[in-house]
Amino acid sequence: MQDLVSYLHFVVLPQMIDALIIGAALALVALGLTMIFGLLDVINLAHGDLYMLGGYAAFTLIGWGAGYWGALVLVPVVVAIVGWGLEELGIRPLLPRSDRAIVTLLLTFGVSLMLRDVAQVIWGTDTHAIEAPFTGIASFMQVFVPGYRLFVLGVGMLVILATWWLVYRTRIGAVLRAAAADPPMVASLGIPIRWVHGFTFMYGCGLAGLAGVLLSPIYAVFPTMGHDFLVMAFAVVIVGGMGSIVGAVVAALVLAQVQGLASLWIPPVWAETLVYGVMLLVLVVRPGGLFNRFGEA
Amino acid sequence: MVRADVANPLPGQVRRRSVGQRLMRALEPADMRPLRGFGLAMLVVAAVFPWVAGAFYTRLAIESLLLGTVALSVDVLLGYAGLLSLGQAAYFGLAAYISALMYLHVTQSFWLVMLAVVIAVGLFSFLLGIVAIRAKGVYFALITFSAAEILSKIAHNTREIGGSDGLIGIPVPSIPLLPGIGIDLHSDLAFYYFVLVGLVLLYLGVRRILDTAFGSVLRAIRDNPERVPYLGYNPFWYKLSAYVLSAQIAALGGLIYPLLRGFVAPHLLGFEVSTKAVVVSLVGGIGTLLGPLVGSVIITFLESFVGSYTERHLFVLGAIFVVFVLFLPDGLLGLTRRALAKRSGGRQ
């Protein structure tokens with residue numbers, strides 16, 4: 001009994017805390033994906049690369065002397081502007097087409113390949129480490145967590161709550177939800193739907209950039225980071241239900257726990273595979289994901 | 001004297017065409033008529049190609065034709081059933097791995113290997129297809145994408161099948177056709193014609209299958225998915241059949257691939273092959289079946305050409321992707337078709 005308690009306390013609990021932190025960052029990326037899908041019907045396959053861009057932009061800005069805190073504020077803005085360019089030049093012209101879900105998917109796939117290669121040209125293929133802005137370890141009941149990880153968790157949770165507040169408690173959010181449900185009606189009420197789309201896309205991309213900065217001191221910055229994270233974010237969005245905000249957050253936290261706990265007992269690479277197994281299982285039971293779409297309910 | 005069965009065919013006794021006529025018809029579906037000459041011209045070019053080009057380009061051409069099967073499988077799904085699969089490389093790679101493992105450890109018989117591949121890929125695509133097709137729309141693209149990623153990761157992380165290095169040293173067998181007659185794949189020329197003839201037969205076969213009522217139902221599902229069930233067809237089974245069919249098409253390419261390069265590696269299952277297949281179909285022209293094959297040759301040679309100047313072939317691929325999606329959604333064959341149709345006036 002004593003063994004079990006200490007096992008839970010010293011092995012399982014720290015792992016769960018770690019998974020919680022990854023889950024929060026994952027939720028940020030998945031939130032952007034799901035909002036963009038909910039409003040524009042666009043699956044942004046370049047989202048992972050925007051996350052990567054966030055990491056690299058942080059690396060460069062810190063190198064220029066902006067410091068970590070400067071990067072934390074500036075990077076989401078930079079990535080959001082890149083996202084705005086993508087929306088304005090690439091996606092918007094395709095939105096009126098009836099097969100927009102497929103053509104925009106193809107377009108963002110192409111953009112994703114280009115971004116990855118551009119990143120390799122600018123930053124090379126090496127892994128770049130980024131130093132955490134502060135060190136220090138928090139301890140609570142003999143469980144030790146690096147302070148920076150708690151900070152990531154705090155910021156992640158704060159931004160998730162802010163997003164929830166924005167979407168469900170403000171006038172902007174009411175417009176967003178209405179635009180997801182019935183765009184022609186919203187447009188006929190005099191709301192420029194183009195700006196609504198642009199705003200959503202920028203916001204979603206900004207979140208990906210923010211996740212990129214937040215995680216860069218933990219995982220460092222390397223060329224395939226976006227691709228690896230994107231597949232995981234997809235699993236999250238599929239399980240949560242495409243376009244569902246609550247679903248994205250819940251699924252991110254749950255799947256991160258699944259992966260984190262599973263890697264205690266099986267090799268980490270198989271834990272990742274297990275996550276996809278969970279995803280397939282959810283799809284068998286509920287093909288539309290666990291939660292309702294953004295704008296419905 | 002008019003034969004009664006021709007003048008007034010009984011039901012089920014429709015006039016039979018000769019084999020030659022049926023082959024020509026397979027090359028000539030109604031909306032593709034202007035392209036028939038184009039397709040035949042391509043075939044002539046392909047037939048004389050290895051005599052003009054050197055060994056390097058002949059082998060590159062074989063590779064482009066093999067990758068063409070993946071593009072063809074993408075086109076069957078996207079152009080006919082309206083399903084975008086981002087994971088067709090899963091079947092190409094799965095077949096390549098099974099084929100490599102069987103040559104290394106089990107048998108040297110090409111036909112036995114082929115049988116194993118057909119069965120394994122059939123089963124796998126059937127099971128995955130059930131999950132992916134039930135989960136409608138864009139989910140289909142994401143699930144196929146993730147499934148291929150999983151397979152690639154498994155191949156990457158399983159030491160028994162070579163891990164990230166893959167499997168090397170696959171022997172090149174000779175393929176017995178008739179008793180006493182075989183194809184020796186050590187000769188590039190023989191290999192090339194073997195693949196070319198195989199691909200032409202595959203193309204004609206697929207064309208034929210999609211010219212039947214089955215193909216019409218698929219197109220109906222693509223164009224108006226809400227209405228088809230009211231006409232008494234269950235879209236699910238049609239889509240699933242199309243999915244299994246397309247998996248087999250890609251698998252046929254994967255079956256041969258290890259014999260060409262002598263190795264298999266996890267990247268064959270991965271997203272780069274899948275993506276390239278989609279780019280290639282897009283460049284060639286979706287829904288034309290011929291386009292993806294032509295596109296595969298063009299893109300593979302272009303990549304080899306670009307690759308000798310710069311390592312940034314992903315960027316080039318992405319840029320081609322973006323340009324075609326935004327400005328040339330019909331692809332090269334769509335353009336050719338329109339140009340030819342315009343020139344021949346209202347002849348069709």
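1. Two residues are in contact here if their C-beta atoms, placed from the backbone, lie within 7 Å. With that in hand, look at chain A: among its contacts with a separation of 6 or more, 77% join residues 24 or more positions apart.

2. Some ground rules. You're looking at a predicted model, in which local features need pLDDT of at least 70 and side-chain atom pairs count only at pLDDT 80 or more, while totals for chains, interfaces and linings use all residues. Residues are numbered from 1 along each chain as its sequence is written, with chains lettered from A and ligands numbered from 1 in the order in which they are written.

3. Chain A has 11 helices and two strands (DSSP runs numbered from the N terminus: H or I of at least four residues for helices, E of at least two for strands). From the N terminus on, the order is α-α-α-α-β-β-α-α-α-α-α-α-α.

4. On to packing. Buried residues make up 48% of the 297 in chain A, where buried means that 20 or more other C-beta atoms lie within 10 Å of a residue's own, with C-beta atoms placed from the backbone. The C-alpha atoms of chain A fill a box of roughly 65 × 50 × 35 Å along the principal axes.

5. Now the partner: 32 residues of chain A are in contact with 30 residues of chain B. On the chain A side, α4 (100–123), α9 (225–240) and α11 (268–285) each supply at least two of the touching residues. α4(A) gives the most, with 15 residues.

Notes. A residue is buried if 20 or more other C-beta atoms lie within 10 Å of its own, exposed if 12 or fewer, and partly exposed in between; C-beta atoms are placed from the backbone.
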